[in-house]
Amino acid sequence: MAQNQMDILMPKLHDICLAIINEVKNLRSAVSCAAMATLGDMYVHLQRAMDSEVEGTARVLLHKASEANNFIRQAANFALGHMVQSCTPTRVMNALLVGGLSHRNAAVRSCTAQYLERLAKVMGMARLLSGKKDLTDRFLIAVSKLAVDPAQEVRHHGRNILRNVATKMWDKFAPRKERESLREVISKVNLKERYILSG
């Protein structure tokens, strides 16, 4: 229906999403996975029409992405990936921050950080650092928090984003003759972190 009968789906979109969210929470993994696949398809085919439902659906998907069951995690990541690629980036960012930034579960925070990193690539650093009202401030505050998170896997994604921010800022403001030295510093930090993560 999302692909071919959008006009039937749209008037009841909120109620349909609530019903699907309930099935995502279903204790039977096959039902839960099917519900998450449905959300993924809805993101792909409805795209920005799903913006109003992003916050509610992202919250349940982030929670599922932290579960031990590999099939559940894969289904949640599949849907979240489509959400990042298909919906309005600012709405997605808000949904990620509301749903996972301060979550007690480190796996949920890690998933949030991972998709915030992917979203930053979709949006582009220039847009994120444009100074647009609320956007830049919220993004930088969130990334700073993730970069000092107690959990290593969360810090990893947060620091990746910070490095990209630093590179963009240096390319814009640093004197041309110093940029290569700054890139070498970033490369050394990257190698050190990869060594720590693999050790």
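Q: Let's start with L62. Which helix is the place of L62 in?
A: L62 sits in helix α4, residues 54-64. A helix here is a DSSP run of H or I with at least four residues, a strand is a run of E with at least two, and both are numbered from the N terminus. Bear in mind that this is a predicted model, where local features need pLDDT of at least 70 and side-chain atom pairs count only at pLDDT 80 or more, while totals for chains, interfaces and linings use all residues. Residues are numbered from 1 along each chain as its sequence is written, and side-chain values use heavy atoms, with hydrogens and water left out.

Q: Why is L62 called buried?
A: L62 has a relative accessible area of 0%. Buried means under 20%, exposed over 50%, and partly exposed in between (1.4 Å probe, protein chains only), so L62 is buried.

Q: What does L62 touch?
A: Skip residues up to four places away in sequence, and L62 touches L80, L96, G99, G100, V108, C111 and T112; contact means heavy atoms within 4.5 Å. Take L96: the C-alpha atoms of L62 and L96 are 8.2 Å apart, although 34 residues separate the two along the chain.

Q: What makes α4 and α6 oblique to each other?
A: The axes of α4 and α6 cross at roughly 45 degrees and come within 8 Å. Axes are lines fitted to C-alpha atoms, for helices over the stretch in contact, and angles between N-to-C directions run from 0 to 180 degrees. Under 35 degrees counts as roughly parallel, over 145 as roughly antiparallel, 65 to 115 as roughly perpendicular, and the rest as oblique. The pair α4 and α6 is therefore oblique.

Q: Which residues of α4 and α6 meet?
A: V54, E55, A58, R59 and L62 in α4 meet R91, V92, N94, A95, L96, V98, G99 and G100 in α6. By class, that contact of α4 with α6 has seven nonpolar, three polar and three charged residues. Ala, Val, Leu, Ile, Met, Phe, Trp, Tyr, Cys and Pro count as nonpolar, Asp, Glu, Lys and Arg as charged, and the others, Gly among them, as polar.

Q: What angle do α6 and α7 pack at?
A: Helix α6 (residues 89-100) and α7 pack at about 165 degrees, with axes 9 Å apart. That value is over the antiparallel cut-off, so α6 is roughly antiparallel to α7.

Q: Which way is the crossing of α6 and α7 handed, left or right?
A: α6 passes α7 in a left-handed crossing, a label for a near helix turned anticlockwise from the far one by less than a right angle, with clockwise giving right-handed. The crossing of α4 and α6, by contrast, is right-handed.

Q: What makes up the nonpolar core?
A: The largest nonpolar core has 55 residues, and M42, M50, M83, L116 and F139 have the most contacts inside it. Helix α7 (residues 106-123) gives the most to this core, with eight residues. The label covers buried Ala, Val, Leu, Ile, Met, Phe, Trp, Tyr and Cys residues joined through side-chain atoms within 4.5 Å. Beyond its neighbours within four places in sequence, L116 contacts M93, L96, L97, F139, A142, V143, L146 and I161.

Q: How do you know that I20 is buried?
A: I20, in helix α2 (residues 13-24), has 11% relative accessibility, which is under the cut-off, so I20 counts as buried. Among the residues I20 contacts, leaving aside neighbours within four places, are A35, T38 and L39.
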